[in-house]
Amino acid sequence: MKIFRNPDVMWREEDEFREQAYKGLDTGEDVAEIGTSILLHSGKMHSLNVLGTEIWKLCDGKTPQEIVSTLREMFDVDEEVLRKDAGEFLQNMKEEGLVYEE
Amino acid sequence: MTPDNLIDPFIVYWDINSSGYSDAIISIICDALIKNKIFVLNLRDLSNPVSTTVSNIIDKLARSNIKIRLTINHGAIERSMIKNLQEHGISLFTETDSIEKLLSVSDNIIANVSFLLNQKNFHEIPAVIAFCIKNRIKELEFPIQRAEEGEIFYPAHSEVDQLAHALKEIPLELLKLTVHDPFLWKVFFKREHLEGMGCNGAYTMIYIADNLDVTPCPLLPVTLGNLCSETLKEIFSSFKRRQIRKEIIAPPYECRGCAIADNCKGGCRGRTYILLETFNKKDPACCFNC
Ligand code: SF4
């Protein structure tokens, strides 16, 4: 099962907030509340934090397992925790129509 | 989560001055729109024929990801224009304010419709929708009124009720509808409550007037800056913009205790500001629980 971004979703990374979040990650701060990207779909705005943004960017035909493996290389998080968080996040995005499976 | 602050807006309205702008100014603005990663540019040019400024802007944005929605005068549409714009992925709307003008369209040259509501034509809404469905028009928009273009209109509660009744018989799902007025939106989409977070002026959205003044919304004439002397970034990150935004989202005193105040936050803030000269009152068009 591969995951793709819905092409109707308009999105952008917020460079300043992204920089701020990565700096925070380096110094061990909690960056979960910093929105580093914005998605607009059907008149609804979604803001994703740094982990959400990276997952979103990886939804280009990768399987959930491939997404988790790539995230493991980027973030210092336990694989089980990452799998669970990414799984829930992808499920939410699917329900919102932001991504689809093929 | 919804961000409290945005680095840049993502929806821009730009009404074109038919006498045009210098090429340098167009380049500066278009470069800023690209650099600031704007999602949607709503261009409006009511000159007839459509000014060359429009094609200049479209050319400059051609390789960007910006989605362009172009509104032109109903009388200025040409068949070749539709094909050309479609090839560029641009949504074309023709603006009109009467069903009579819509019906007089020649040769089936029909794009999407932008129907500017006023006191005289409000009752024509069902006929306009029926026309659009019959002619397989994809999108119908009831555009935001322009602060500088005549009287600010909003329907009486009885007219809203009549509209709600008439809409029950119409298969609205056959048409993509854009309704900016929060109370009409509720009627069209048959919702008990409003969705969202209230007015988006000076937040996700800004308006560039034909003289390049930047305001929060076409219906909110508070000038935040002018693109002849400042960049879009400077205007959007200015203290003035942040102050106005604070006033826009502060719940008006009169809305205390309203069940939908969290979503509505006072209705259309531009209409309130123009008609009542304050942000601290509820939208005069409010018809919730009336
Ligand atoms: S009173 Fe009217 S304008 Fe105020 S929040 Fe409620 S619905 Fe909106």
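## Polar contacts and the salt bridge

Across the interface of chain A and chain B, 6 residue pairs are in polar contact, both residues of each pair being at pLDDT 80 or more. The model is a predicted one.

In a salt bridge, the side chain of A:Asp15 meets that of B:Lys37, with 3.1 Å from N to O.

## Extent of the interface

Chain A brings 19 residues to the contact, and chain B brings 19 residues. About 1,400 Å² is buried between chain A and chain B, and carbon and sulfur atoms give 70% of this area. In chain A, the residues that lose the most area to chain B are A:Met10, A:Arg12 and A:Met45; together they make up 45% of what that side buries.

## The sheet of chain A

In chain A, 3 strands form an open sheet with antiparallel pairing, in the order β2-β3-β4. Strands β2 and β4 of chain A lie at the edges, each pairing on one side only. On average, neighbouring strands of this sheet are turned by 15° against each other, direction ignored.

Strands β2(A) and β3(A) run antiparallel and are joined by 4 bridges. A:Trp11 has A:Leu39, in β3(A), as its bridge partner.

How values were computed: Residues are numbered from 1 along each chain as its sequence is written. Chains are lettered from A and ligands numbered from 1 in the order in which they are written. Side-chain values use heavy atoms; hydrogens and water are left out. Contact means heavy atoms within 4.5 Å. Buried area is the accessible area (1.4 Å probe) that two parts lose on being put together, summed over both. A salt bridge is a side-chain nitrogen of Lys or Arg within 4 Å of a carboxyl oxygen of Asp or Glu. A polar contact is a pair of N or O atoms within 3.5 Å; within protein, one must be able to donate a hydrogen and the other to accept it, and residues adjacent in sequence count only if both atoms are side-chain atoms. Two strands pair if DSSP finds at least two bridges between them. Helices (H or I, at least four residues) and strands (E, at least two) are DSSP runs, numbered from the N terminus. Axes are lines fitted to C-alpha atoms, for helices over the stretch in contact, and angles run from 0 to 180 degrees between N-to-C directions.
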